[in-house]
Every structure is written in structure tokens, then in C-alpha cells.
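Keep the 3D view open as you read.

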Amino acid sequence: MMEYILIFTFVVLALLPFLPGLLELLLKRDIDPLYIKQDYSKDPAFFGRSFQKIIMETSKKGLKKISENTAEIVLSKGKPEKMVLFKNKVGGKLSDLVFAEGSEVETDKPLETPKEVIIKGDFYIQHTCIMRSLFVLGDLAVDRPLITKRWIHVEGEANIRAPSDLGINFYARRIQILVSCTFKRMFAEVIKIGEEPKEEDFKGNVSYIKGTIKSKGSLNIRTQDKKLVIDGDLISDKDIVVEGGVWIKGSIFTHSEAVLLKGVIVGEEGKVKSVVAKKMLILAEGVKVYGYLHTDGEGKVEI
Amino acid sequence: MEMGVLIIVLKAYMVFLVFLITLYIIRHLIFTYNRLLGEQRISYHDLLDSDLPSVSILIPMHNEERVADHILSSLIKQDYPKDRMEIIPINDHSEDRTKDILDEYAKKYPYIKPLHRLGDEPRGKPAGLNDALKIAKGEIIVVYDADYVPPMGQLRELVVNFVDPEVGAVMGRVVPINTPANLLTRLLDLERSGGYQVDQQARYNLDLIPQYGGTVGAFRKDLVLQLGGFDNRILAEDTELTFRLFLKGYKVIYANRAECYEEAPEDWRARARQIRRWSHGHNQVLFKYLFPLLRSELSFWQKLDGILLLLVYTVPFLILLGLVDSIILFFLGEIQILSSFFVVLSVLAYNSFGNFAPFFQIGAAGYLDGVGERLRLLPFFYFIFLFNLWYTSLGFLDAVKTSITKRQATWHKTERFRK
């Protein structure tokens, strides 16, 4: 009898590790393939464009007004959200989406909302604004601090003239920044920081390097009197510092930190190039970039 | 006296095996901790660049009527500039409707240029790739197996990595699409997660030898042509390319975000043939590149990782010999070699080689992928262990045979199951 009990106990203990797996096989609770977004395409304007699509669809159907100054909109989560409507002046401490339909919109007092702000025309910020995201169909001018938690999408030009937090993604057709700011990602045909260096100055006494420069260690490129054109990319596992009259026609990539100081141009007009610095990206006054800035760490404009 | 020598040899082999397996356990523990706690290295996928190189996409195909339409329709949706890309499906002696499907697509899309390989031309993936390389116009070659379904932005994600002049090849991540089919596909799904999400990424993080896997991958055309193309006799042209590139001073980058669906084998016979072929090819690469690797100028850690990578499909055979060894020692009454310490190591050994990604590695991958209940299937890898042990060992013996006889190995294509 004892032998049978022992054999039974042995079999039970041997099969025990398989029990949770057998249950999962029967119940099929976690059976789907790992998710891959099949229509994923890298787009620096992704947030704004997705939002724009929803707004356009809503506009086609017509805004569902709840009162004189409020309407309802259905965003990606599927449930209707309240939206406060303005014409040409926006402001106040709100808890809902903000929609201003004037062609020239400005703040008449500080604006604060945990939700998105949608401006149908140009937007002039002359009071402090705090918001989740900002969508502007026209141009944007910032003369008082703008603090954005998520993204900014400007179809026209953006001029930042007050210290701001530009969120995790800032897209505009052209961007000019004249003060210190923080950011994570920024994209525009051209991004100018302070007084821009000019390509015309890279004539005459100019050194020229053709091809990509790659370094395992830190990469420091500084010029004094003579200008330098690098017709290629800069790649490093460590920090990259570029200063002086240096025009890098390609992209910059580092697994560490990148610092671009006065006189640096990255990319060429009509092309898209990138500056990607995994840990930190610092841009000083007098820098121009055609395309894309990206950091997973801290992005700073220091003027 | 002779029996005494035999016992010493048998015991020495057991000690060697325990040492080897312990080495692998340490390796995979390092990978797992690196992936969970270490600094992660990103590929170049965050770069946006309007100057993209020209690309030729090669798709080896043999009787792929079940899947040909899916991969071609996925590729024509790619966001890569169409004037910078061409698609070359390699119809390798198909006897089904593959040729007709390819010709229909070629009529509609001028950048789809099928290569029909017929008659006496040698069959197999390396031979097909070599022929396609002769006509490919792209600077960069991207390869997909026919059962893959690439997402819209994948070409960019793979190709942008060649901005780095040291990069010879890029490898993306493989994810089974038919996970729900049965126990086998569910286990292969977990195995792939451990192998890519943890193993490949950690090897890239640690500057070791990430492996070009022959599909969802890309390489520089000129470089491969300079190296003489692919060796038709070797069944694992992907592993071979990995070692050739590293020995020439180039690198393979692993792009974890370049994820692509594949079809995992749905029956055990198909899986047995697949893993036997992989083992055959991988061991051919071991025989060809072990000594060049040892003599190379790679770093000590790269060499060590390279050796352990080359031996991955040999170790199951060594474990099989170890099992026979232990049975002999048991009947000789000589099994007490390392006492309880040995037993603990044996358990760890089982954990390490139950599959191609140890349990703890699969667990870590599941955590990173955010999966839940499916990890309860882990104990079933015991059966995969026995299964792999047998068929990988057969593959090892196949490789020994073809190496001795110098005969051309036969390419057995993996059966497709898509309805």
C-alpha cells in the first residue's frame, strides 16, 4: 500500500509544475500574438496629424454643442469629452479641452488646462500657458512661458521668445527659439537657435572633410578662424561637442550626450537630417538644424 | 587497468560538460541581468534622413503560393521611396502557383522584378541569393523569408542603420503571427521572445556578436560581393555572414524595434526538419570559422561569445553524450563524481538547455514584452529540451557527414501552414 501512495505522490509532484500551463492551454487567456502595429511609419508629426484627423472628422459631422460656449468631441478613447469654445481670446483655469476658432487668437489671461488646446488660426501667447498638448493650424508666437506636457503641433511657423517646456514632441514647419527651453524631440524644415549661422559664410578659407566620422570615444570638433565643412555624418559612442564655424551636412548620432555650440549648422536646406543624443542634447545660441532633434534624456536650449 | 582509464575518461567528460554548461548559464544570466538592469544600446532607428540609400528586397521562395501574396502586399505598402527600392522575389524551382502570383504582381508594380530559377540551377537559399545579388541594383540588400509580414515602416528602420560605416548587417526581431495555433507555436513564441528581446539585445548592448538571422535583416551588397557571395554548400548562410563580417572588422546591429511577423511551424515534424537544418548549417559554420575566429583580432569577450555562439547547436549533442556517459557510470557504480554539487549543476544545466533561451531569459523577455499568463507554459519546455536534444544532435551528425564527404547538403524548405 505504501508503495502505491509513494508512486501516486511522485506522479502528482512530477506533474504539478505542468498544472498552471495545462490550465492556460485550456483557458487560452494569453494567446494573442505579440502586437506589432502594421501601419507604423516614423512620422515626427504623428501626434498632431492623428489629432488633426480626429478634429477634421468631428468638423465634418459638425460640433455637437452642449451650450453656447461648450461642445462635445470624441477622441481616441471613444468617450465624448467636453470642449470649451473661444473666438479670438483664450484664457482661464479650465479642466476641459480648449478650442479657439478665430483666425488670430491670443491669450487675454493665463491659460491652464490638463487637456489639449486647439487653435484654428495663428496663436499669440502673451500670458503663461500650461496645457497637455497644443495644436495650432496657423503660426505660433510665444512671449510668455508655455509649459506643455505632451506635444505641440504647429502647421505654420513657431517663434519661441519666452522660456518654455516644449513637451516630448514639438513639430512646426519652421522653428525659431530665442530663449532657454527644454524639449525631447523637435522637427521642422529648419530649427534656428538665436542668431543663425549662415551657409554663405562657408566660402573661401574652408577646410573640407568628405565622409562620415565615427569615434568610439568622445568627439570634440572646435574651429577658431578657419571654417570646417563635414560632408558626412558624425557618430560616437561617447559625447559629441561641436563648436565654431562647423557645417555638418549629414546627421549626428551619439549613445551619450551632444552639445552644439555657436556657429554650428547641421544638414542642408531642403533635406532632413537628425541630431540624436540618447542621454542629453544641448543647443546653444547660434545653431541651425535642418530636420530633427531627438533625445531620450534631457533636451535643452541654453541661451 | 583499462577499466580504470575508461572510468577516468568518462568522469573527465562529465566534469568538462558541467563546466561548459555552467559557462553557458553564466553567459545567459549576464544577458538577462543586462537586459533588465543594464544600460540599453539603441540602434540608429531614431535618425530621420531624407537621403536614403537604394534598396533591393530579396525574398527566396519555393512553393510559396500560400504566403506570396501576403508578403508582396505588405512590401508595396512600405513608406520607403519607391524610386529607391526594388523587390526581387526569387522563385526557386516552384511547382505550385508561385510563378503566376509573382508575374501578376510584376505586371502591376514595375519595381517588382521576379527572378525565376528553373532547370538545372542548384536549389536552396544561398544559391538563390547569389543569383539575385548579380541583378540587384540596390546598395543595401534586405532579405525576408516568404512567410513574413513586414509592417509599413520597416525598411526605413532597417536601412537607416547603414549610416554607420562599421555596420555590415542589421537584424530585426522575429515575432510569430500564428501563436494561438497550438502548444508548439505558443512555445516557439516564447522561445523567440527570449532569443530576441533578451539574447540578441544584450549581445548588442555588450558589444559582443549579435547574429544576422537571414530574414528581417539587411546587409551591404558590395561588401557581401567582395566576400565572394554566399557559400552554396552551407545551409546557415546567415550565421556564416555574421562571422565573415565580424572577421572582416564589420559589425552586426540588432534593431529590436524592427519587429516582423513570421509563421512558426505548426507541426512537430516540420519543426524537427527546421531545427535539424539549422543545426546542420550552424555546425558547418562552426567547422569553417572556429579557428579563424580564434586567430582573429576580435576582443577576448567577442571571441568567447563567438565560440559559445558557434557551439550552440553542438552542445545538445555533447549533452546527449553526457547522458549516455552518466548511464554507463551509473551501472559501473561510479556516478558519484561531484556529489550533490553536481546534481545542482545538472538541474541548472537542464534549465539552461531546455531550449534556445533558458527559462529565466524567457521570463525576462515576457516581463519586457508585458505578457502574462503565457509564461505558465514554461515547464513544457522540458519536452522541447528532449526534442531539441535529439534533432539538433542529428543535425550535428549531418554536418559531420557533409564535411567529411564534401557532398552538397540538401535544402529542406519549412512547410507553410497559412490558410
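## Before we start

To talk about how helices cross, we need axes: these are lines fitted to C-alpha atoms, for helices over the stretch in contact, and the angles between their N-to-C directions run from 0 to 180 degrees. Bear in mind that what you're looking at is a predicted model.

## Two helices that cross in chain B

Find helix H11 (residues 315-331) of chain B, then helix H14 (residues 381-405) of chain B. Their axes come within 8 Å and cross at roughly 110°. Angles of 65 to 115 degrees count as roughly perpendicular, so that is how H11(B) and H14(B) sit relative to each other.

Who does the touching? On the H11(B) side you'll find Pro316(B), Phe317(B), Ile319(B), Leu320(B) and Leu323(B). H14(B) answers with a list that includes Phe385(B), Leu389(B), Trp390(B), Phe396(B) and Leu397(B). Sort the residues of this contact by class and you get 10 nonpolar, 3 polar and no charged ones.

## Helix H6 and its partners

Next up is helix H6 (residues 183-205) of chain B. Its axis and that of helix H13 (residues 359-369) of chain B come within 8 Å, crossing at roughly 80°, which makes H6(B) roughly perpendicular to H13(B). Among the residues that meet here are Leu190(B), Gly194(B), Gly195(B) and Val198(B) from H6(B), and Ile362(B), Ala364(B), Ala365(B) and Leu368(B) from H13(B).

Leu184(B), Leu187(B), Leu190(B) and Glu191(B) of H6(B) touch Phe381(B), Ile384(B) and Asn388(B) of H14(B). By class, that's 5 nonpolar, 1 polar and 1 charged.

## Where chain A meets chain B

Now zoom out to both chains. How many residues does each chain bring to the contact? Chain A gives 44 and chain B gives 51. The area buried between them is about 4,100 Å², with carbon and sulfur atoms giving 57% of it. On the chain A side, Asp30(A), Leu34(A) and Ile36(A) lose the most area to chain B, together 17% of what that side buries.

In chain A, helix H2 (19-27) and strands E24 (252-254), E27 (273-277) and E29 (287-302) each supply at least two residues of the side touching chain B. The largest share, 5 residues, comes from H2(A). By class, that side of chain A has 19 nonpolar, 8 polar and 17 charged residues.

## Salt bridges

Over all chains, the count comes to 56 salt bridges, and 11 are found across the interface of chain A and chain B.

Another joins the side chains of Arg29(A) and Glu373(B), at 3.4 Å from N to O. This pair crosses between chains: Arg29(A) is in the loop between H2 and helix H3 (46-61) of chain A, while Glu373(B) is in the loop between H13 and H14 of chain B.

Methods
Residues numbered from 1 in each chain as written. Chains lettered and ligands numbered in written order. Predicted model: local features only at pLDDT ≥ 70, side-chain atom pairs only at ≥ 80, totals over all residues. Heavy atoms only, no water. Contact = heavy atoms within 4.5 Å. Buried area = accessible area lost by both parts, 1.4 Å probe. Salt bridge = Lys/Arg side-chain N within 4 Å of Asp/Glu carboxyl O. Helix = DSSP H or I, 4+ residues; strand = E, 2+ residues; numbered from the N terminus. Nonpolar A, V, L, I, M, F, W, Y, C, P; charged D, E, K, R; others polar. Parallel < 35°, antiparallel > 145°, perpendicular 65-115°, else oblique.
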